[in-house]
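Please read this briefing alongside the sequence and the 3D view.

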Amino acid sequence: QVQLVESGGGLVQAGGSLRLSCAASGVIFRIVAMGWYRPAPGKQRELVANINAGGGINYADSVKGRFTISRDNAKNAVFLQMNSLKPEDTAVYYCNSYLYTSTRDWSDYWGQGTQVTVSS
C-alpha cells in the first residue's frame with residue numbers, strides 16, 4: 001500500500017512564498033514521475049509541475065518563473081517552491097506519483113491534497 005502525504009500549504013499574502021512537500025511511503029520499487037496538480041473551479045485537476053525519473057521537468061505556463069519543482073530520490077519526495085504567489089494560485093494542491101511497486105506492477109497515486117490560499 002502506497003501513500004503520498006503532502007504538507008506545507010497555508011494562507012499567505014500575495015507576493016509571498018510557500019514550499020510544498022510530498023513524500024511517498026510504502027512498497028516502492030521505482031518512481032517514474034512525481035508532480036503537483038491543482039483544480040480550477042469546476043475543472044479537472046491540471047498539471048502545475050512534474051519531474052520524471054530522468055530529471056525532465058514540466059511547468060504550467062502560469063507558474064513558470066515563479067514555481068520550482070525538485071526531488072529527493074532517496075526519500076521518495078518531491079517539493080514545490082512557490083514564490084511570488086498570486087490570488088489565482090489559490091487551490092488545493094495534490095501530489096501525484098506514477099510508480100512501480102514491483103518489477104511488473106505500476107499505478108498512479110494521489111495524496112489527500114493541501115490547501116494553498118493567497119490573499120490579495
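The notes below are grouped by topic.

This is a predicted model, in which local features need pLDDT of at least 70 and side-chain atom pairs count only at pLDDT 80 or more, while totals for chains, interfaces and linings use all residues. Residues are numbered from 1 along each chain as its sequence is written, and side-chain values use heavy atoms, with hydrogens and water left out.

**Open sheet**

- Four strands in the order β1-β3-β8-β7 make up an open sheet with antiparallel pairing; strands are DSSP runs of E of at least two residues, numbered from the N terminus, and two of them pair if DSSP finds at least two bridges between them.
- The edges of this sheet are β1 (3-7) and β7 (67-72), each of which pairs on one side only.
- Neighbouring strands of the sheet are turned by 15 degrees against each other on average, direction ignored, where axes are lines fitted to C-alpha atoms and angles run from 0 to 180 degrees between N-to-C directions.
- Strand β1 is joined to β3 (residues 18-25) by 5 bridges, and the two run antiparallel; Q3 has S25 in β3 as its bridge partner.

**Hairpins**

- Between β4 (residues 30-39) and β5 (residues 45-52), which run antiparallel, there are 7 bridges, and the hairpin they form has 5 residues between the strands, with G42 in the turn at a positive phi of about 70 degrees.
- Strand β5 also pairs with β6 (residues 57-59) in the antiparallel sense over 3 bridges; in this hairpin, with 4 residues between the strands, G55 takes a positive phi near 95 degrees.

- S97 lies in strand β9 (residues 91-100) and is buried, at a relative accessible area of 0% (buried is under 20%, exposed over 50%, partly exposed in between, with a 1.4 Å probe and protein chains only).
- The side chain of S97 reaches the backbone oxygen of A33 at 3.4 Å.
- Leaving aside neighbours within four places in sequence, S97 is in contact (heavy atoms within 4.5 Å) with residues including L4, M34 and Y109.

**Salt bridges**

- The count comes to 3 salt bridges, each being a side-chain nitrogen of Lys or Arg within 4 Å of a carboxyl oxygen of Asp or Glu.
- D89 forms a salt bridge with R38, with the closest N and O atoms 3.1 Å apart; D89 lies in the loop between β8 (77-82) and β9 and R38 in β4, so the pair ties together parts 51 residues apart in sequence.
- D89 also forms a salt bridge with R66 at 2.8 Å between the closest N and O atoms, and shared partners join R38, R66 and D89 into one network.
- D89 is buried at 1% relative accessibility, as are R38 at 14% and R66 at 11%.

Note on methods:
A polar contact is a pair of N or O atoms within 3.5 Å; within protein, one must be able to donate a hydrogen and the other to accept it, and residues adjacent in sequence count only if both atoms are side-chain atoms.
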